Amino acid sequence: EQTRVPALPMAFDGVRFGTRHDLPAIGADSEAVLAALGCSADEIAALVGAGVVRSAAASPPQPPHPPRS
């Protein structure tokens, strides 16, 4: 599943933004955020197992984006 966003319609010093930064995958930071909030590894595993949150390890890999022209 890809997230597409429009390019910025502006330039700085005559240069347009051409570099594209892909968004992190769904669940990429879930475990780190939950751990920072004080959840134990067992609690996080239970939340992931119940489908409450996604884990990047459990999510399917994202296909690469086609090159921009």
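**Close-up views of a predicted model**

View 1. With a relative accessibility of 4%, Ser 55 counts as buried, because the term applies to residues under 20% relative accessible area. In this predicted model, Ser 55 belongs to the segment that comes after α2, the helix of residues 41–49. Once neighbours within four places in sequence are left aside, the residues in contact with Ser 55 are Gly 27, Glu 31 and Val 48. With Glu 31 there is also a polar contact, made between the side chain of Ser 55 and the side chain of Glu 31 at 2.4 Å.

**View 2. Leu 34 is a buried residue of helix α1.** Helix α1 covers residues 30–36, and Leu 34 lies within it. The relative accessible area of Leu 34 is 13%, so this residue, too, is buried, given that the cut-off is under 20%. Not counting residues up to four places away in sequence, Leu 34 touches Cys 39, Ile 44, Leu 47 and Val 53.

**View 3. Met 10 takes part in a nonpolar patch on the surface.** The patch is formed by Leu 8, Met 10 and Phe 12, which together have about 280 Å² of accessible area. Met 10 itself is placed in the segment before β1, the strand of residues 11–12. Its relative accessibility is 37%, and Met 10 therefore counts as partly exposed, since that term covers the range between under 20% for buried and over 50% for exposed.

**View 4. The whole chain gives the setting for the close-up views.** The chain has two helices and two strands, and when it is read along the sequence these elements follow the pattern β-β-α-α. Of the 69 residues in the chain, 9% are buried, and Ser 55, shown in the opening view, is a buried residue, as is Leu 34. The chain exposes about 5800 Å², of which carbon and sulfur atoms supply 59%. Among the contacts in the chain with a separation of 6 or more, 56% are between residues 24 or more positions apart.

Definitions and conventions: Residues numbered from 1 in each chain as written. Predicted model: local features only at pLDDT ≥ 70, side-chain atom pairs only at ≥ 80, totals over all residues. Heavy atoms only, no water. Patch = residues over 30% accessible without salt bridge, like charges linked within 9 Å, V, L, I, M, F, W, Y side chains within 5 Å. Areas by Shrake-Rupley, 256 points an atom, 1.4 Å probe, with all protein chains shown as cover. Salt bridge = Lys/Arg side-chain N within 4 Å of Asp/Glu carboxyl O. Helix = DSSP H or I, 4+ residues; strand = E, 2+ residues; numbered from the N terminus. Buried < 20%, exposed > 50% of the residue type's maximum accessible area, 1.4 Å probe, protein only. Contact = heavy atoms within 4.5 Å. Polar contact = N/O pair within 3.5 Å; in protein donor to acceptor, adjacent residues only side chain to side chain.
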